[in-house]
Amino acid sequence: MNKQQAKLQAVEFIHTMRVIRRSTLIRLLEYYLGEKKDATWSVYIHRLIQESDLVYLRKNNGQEESIIGTEDKQGIPLLEVQAGHELRVTEVAVEFIRAGFTWVPALATGKGASKISDGVAWLGEYRIEVEIELSAKKQSRWKGIIDRYRNQQKTSPFGVCYIFGNDGLRRSFRNLMAAEKTTGYWYLGVTDSDQVKERQKTDAAIVTEVKSAIENGAIHTPQQNPDTQTTLTIENHPDNHPESAPQPIYSQAELARQKLAQYREEKGKNK
């Protein structure tokens with residue numbers, strides 16, 4: 001890819017995402033053009049903005065790095081707070097692109113269970129619905145989204161990747177998932193650093209795990225492979241080892257009821 005092609009790709013990407021940190025943009029450009037000195041990128045990005053309708057939403061002031069975006073984002077106060085979620089989605093999107101995925105941003109908005117994902121990462125015919133969670137949600141909202149994905153996974157071969165801003169959010173979400181059996185590919189990851197480079201490193205590791213799962217055949221529909229339905233919820237927080245998806249936790253009375261029901265069923269078969 002030459003410089004002009006990379007510039008067009010970068011401008012189009014920023015238009016779809018609307019905001020991007022300078023370091024995230026450099027991360028994307030490095031994928032297209034290879035590594036260069038910071039001074040070279042400064043000139044390249046300055047020209048990119050001059051030759052397009054993109055703008056600096058915030059220029060480097062010595063403490064906070066520059067943020068670039070579309071004109072409709074100009075004048076938004078407290079940019080890191082107001083656009084914090086969008087900036088994180090952009091960071092994650094770049095890591096999927098660098099791993100060879102095609103990123104499709106959210107094209108509509110919704111609330112609660114009707115909410116669409118923050119973006120879709122495609123690797124060939126396989127898709128991953130990507131969700132970025134930086135703050136706690138009502139349990140009813142999370143449950144509605146979980147149920148929607150579970151129902152869709154019964155007939156459609158796709159995976160779900162959640163990246164949480166801290167391990168407490170991940171634990172809350174995981175406990176909610178444990179209420180019912182999950183069949184399908186899920187990845188629950190944590191990226192909790194306040195340093196951009198550390199987030200890039202962790203995000204890249206998460207994307208690598210997701211890509212490996214696709215390549216190893218973890219994503220399929222029950223109809224495609226009914227005998228080997230795989231349930232995967234992988235958690236990458238340093239305090240936790242990867243594990244299978246949480247399963248329902250039953251009381252002793254419920255376990256006894258299930259055991260009795262199974263005994264009666266087997267007895268009926270033997271008559």
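Trainee: Glu 133: does it count as buried or exposed?

Mentor: Glu 133 counts as buried because its relative accessibility is 4%; buried means under 20% relative accessible area and exposed over 50%, with partly exposed in between (1.4 Å probe, protein chains only). This is a predicted model, in which local features need pLDDT of at least 70 and side-chain atom pairs count only at pLDDT 80 or more, while totals for chains, interfaces and linings use all residues. Residues are numbered from 1 along each chain as its sequence is written, and side-chain values use heavy atoms, with hydrogens and water left out.

Trainee: Which element does Glu 133 lie in?

Mentor: Glu 133 belongs to strand S6, residues 126–133. Helices (H or I, at least four residues) and strands (E, at least two) are DSSP runs, numbered from the N terminus.

Trainee: And which side chains make a polar contact with that of Glu 133?

Mentor: The side chain of Lys 137 does, at 2.8 Å, and so does the side chain of Trp 142, at 3.1 Å. A polar contact is a pair of N or O atoms within 3.5 Å; within protein, one must be able to donate a hydrogen and the other to accept it, and residues adjacent in sequence count only if both atoms are side-chain atoms.

Trainee: Neighbours within four places aside, what is Glu 133 in contact with?

Mentor: Trp 142, Tyr 162, Ile 163, Phe 164, Gly 165 and Leu 169, where contact means heavy atoms within 4.5 Å.

Trainee: Changing topic: which residues of H1 are buried?

Mentor: In H1, the buried residues are Ala 6, Lys 7, Ala 10, Val 11, Phe 13, Ile 14 and Met 17. They lie on the same side of H1 because they cover an arc of only 165° around the axis, taken from the directions from the helix axis to the C-beta atoms. On the other side of H1, Leu 8 and Glu 12 are exposed.

Trainee: What covers the buried residues of H1?

Mentor: The cover includes helices H2 (22–33), H3 (38–50) and H5 (84–98), together with strands S1 (19–21), S3 (67–69) and S4 (102–105).

Trainee: What happens at the N-terminal end of H1, and just after H1?

Mentor: Asn 2 caps the N-terminal end, with a side-chain oxygen 3.1 Å from the backbone nitrogen of Gln 4. Just after H1, Arg 18 adopts a positive phi of about 80°.

Trainee: Finally, how many helices and strands does the protein have?

Mentor: There are 9 helices and 10 strands. Of the 271 residues, 44% count as buried.
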